[in-house]
Amino acid sequence: MSLITPEQFDSRSFIYRKHQQAEFIEVAGAAQVLSYKEQSLQGQSGPDMGLTDLSVLPRFGLRGPAAGDALVAAGLLQPEKPNTLTLSDEGLMVLRLGYNEYWLLAVPGATVDLQALEQQLTSPGIYPVYCHDSYAWLVMSGDHLADVMAKVCAVDLREQSFASGDLVMTSLARVSGIICHHQMAGKSVFSIFSDSASAGYLWDALLDAMGEFNGAPSGQHSLIK
Amino acid sequence: MKIINCPLNGPRNSSEFVHGGEVRQMPDPNNCTDKEWADYVFYSDNQIGVVTEWWLHAPSGYWFIAERHTGSDEILRTYDPSEIYTSRVEFKAKVEPSASEEVTV
Amino acid sequence: MPFSLLKYGLNKDYPFEQNADLPSPSALKPHYDVVIIGGGGHGVATAYYLAKYHGITNVAVLEKGYLGGGNTARNTAVIRSNYLTSEGVKFYSESVKLFQGLSNEFDFNIMYSSRGQLTLAHTDAAIRGFRQRTEVNKHFGGKTELIDPQQIRELVPSLNMNPADQPVLAGLWHIDGATARHDAVAWGYAKGATQRGVELHQLTEVTGVDVDKGKVTGVQTNRGKVSCGCVVQAVAGHSSIVGAMAGIRMPITTYPLQAMVTQPVKPFLNPLVSSPALHCYVQQTGRGELVFGGGSDPYPLYNTRSTMELKESLLAHAVELFPFMANMRLMRQWAGLTDMTTDYSPVMGLSPVENYYLDAGWGTWGFKATPICGKTMAELVATGKVPELIKPFSMARFDTFRQVNEMGATAASH
Ligand SMILES: Cc1cc2nc3c(=O)[nH]c(=O)nc-3n(C[C@H](O)[C@H](O)[C@H](O)COP(=O)(O)OP(=O)(O)OC[C@H]3O[C@@H](n4cnc5c(N)ncnc54)[C@H](O)[C@@H]3O)c2cc1C
């Protein structure tokens, strides 16, 4: 892994300018934050609560009456109920959004070939959903996920009503977003997807909300085992 | 805040929803009169009572149907549109004679 | 204490009764030449001009509540004529001219205050729209200019020129923009009408309309039946409900519109200021209170409750425009029912029922039109002919897809 600057890439996070003290690496043909300078200097694994920008990681979506059956036929785990998700050992995450829409994502360190999957999952009754270049993917980690979210979101996201494997589509800090509860590197995290146009605003708003719990930006190294 | 019970996402603040107008039968645009079309597009009963309406849960892009009282603002029932619409609504454009056929230069 | 007051204190009769602005209630007559449904500004103005210009005084104004207690009492009293279409500008300019002479005409102070109205542009597209409105307004007799940020700063020094990260790029400065005491307008018209013999019946609700062979013959009320030669319907937010009594279905949907007012402070704001992009308008009343409002509620409803959502969003935007307002206290808030059309123009003139005339679809913008509505509706009733000025607003325009689109010029400015 060699360190690079995001400007060298056509594809980079929508909010790369916000990652001033960051060390970037190349992931899937794009610049991704590995860690933040002061954190690596301190030799710590990361702050108490971290916010990581995974926007550049590959993902695609499909929807339509045949989408669910196609996923089952392809031998991919399919979330059984609307608004739930599954995560495979290879690092493939499948979100089921509502009844007929699915997003397939590769989490950091995943060993799945999403491009091949995307080509395989085509048939009548399946329509592509573009969720890569129009959505930011932020991951919040740490012990106070529900407490932080309670400051910006009206839905109860405490463990007893929002277990690992659940997702909600709602409004957070007044913008629409998808909040997913799952595991990464053995930790409970919330993945948050929101319109790329408001990503910079949301990044600042979430960090502001995390402030009282010692929250700070963290790189993807904190999410890999 | 007012809470609306979304059939897909459960109870949510009303600020997450967008009103989509009354559920009505669309006249056949190719064969109805101008008056019928105008009535469909512009006119409304607009009385005090229970109306059946489209609502959108914006964060999930999910459309559903609600029965709501326009006086008390009470929502009596919300349900998935599949209760009413069992097949896809298709729009067929009228086949107009193409311009090139008419032009005789 | 002057002794003359003591005399009144001991007297059984209220001595001012004879000189009261409005005569005391009387019984309903069995027949009137004209019945006007709705005792808001529009209803009493119609009665006034019928009596004054056309000598028609066998007229009853039937009001289910009290005089001017509907939207006439609830509006934020923006008076202006800087609309977009030639039809709109011609019509509203006439109204502004009538407004300017009303205090004199009534011999009753309606507190007309001509302070100018400023609409802010935050995008190039808005500036283009403003340029067109400036030209149309000037052409049809209004006074409007496009002004730059420096002129805006001079007019309103307290304005934040970069509200919500949307910099103010230009302003539509409507010199004719004004405000007036809304209750006084209704009272002035009612007083002038009743002095000329018109009857105003408050607490009189119309519950049915009698139509015979396509022609209106009378109305039913909670106080009995009245026959009449013709009816003028001017009931604002209840247009579809009263219309349905006559079998008329309308191109109207009713939405609540909310407004609010702060505690009074020293005068600092002369013009009326509005920002369509922030869905907000602010003005300071003669008493020093700040009045502000925005767009209608997001879905149809017959209910004048106030909501937290609207308060939050409206106040957030108002504070963006005038940051020091964050320290002020809200004193009152309220709502009215607005009868919205899809093109933000009214529905005026003939209806499918003969001799049943409509003054409806006034939505969020009808206070400024009170004088010209009264005048044109009276002319329609007296002559049976639709005046040129209101021809474009006929209900039939929807059947022929000839809307008069004033949406952009109305939205958050009323
Ligand atoms: C919050 C708010 C702000 C506004 N701001 C502005 C503004 O700044 N500028 C502007 O130009 N306009 C504004 N408007 C719009 C304006 O108030 C109205 O368009 C205008 O007042 C309508 O006048 P009207 O006389 O027709 O209606 P109203 O004053 O509402 O009179 C109608 C009357 O009909 C009566 N009625 C209803 N049903 C019956 C029945 N069955 N029998 C008997 N009587 C009945 C009602 O009780 C009512 O008194 C605003 C409106 C609201 C609600």
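Let's begin with two strands: E4 and E5 (residues 170-174) of chain C pair in the antiparallel sense over four bridges. Here strands (E, at least two residues) and helices (H or I, at least four) are DSSP runs numbered from the N terminus, and two strands pair if DSSP finds at least two bridges between them. One such link joins Glu145(C) to its bridge partner in E5(C), Trp173(C). The model is predicted, so local features need pLDDT of at least 70 and side-chain atom pairs pLDDT 80 or more, while totals for chains, interfaces and linings use all residues. Residues are numbered from 1 along each chain as its sequence is written, chains are lettered from A and ligands numbered from 1 in the order written, and side-chain values use heavy atoms, without hydrogens and water.

Now step back to the whole sheet. It is open, with eight strands in the order E4-E5-E3-E11-E12-E13-E10-E14 (chain C) and mixed pairing. Strand E4 (144-147) and E14 of chain C stand at the edges with a single partner strand each, so one side of each has no neighbour in the sheet.

Next, visit the ligand. An N or O atom in the side chain of Thr72(C) is 2.5 Å from a ligand oxygen atom, and for the side chain of Glu63(C) the distance to a ligand oxygen is 2.6 Å.

How values were computed
A polar contact is a pair of N or O atoms within 3.5 Å; within protein, one must be able to donate a hydrogen and the other to accept it, and residues adjacent in sequence count only if both atoms are side-chain atoms.
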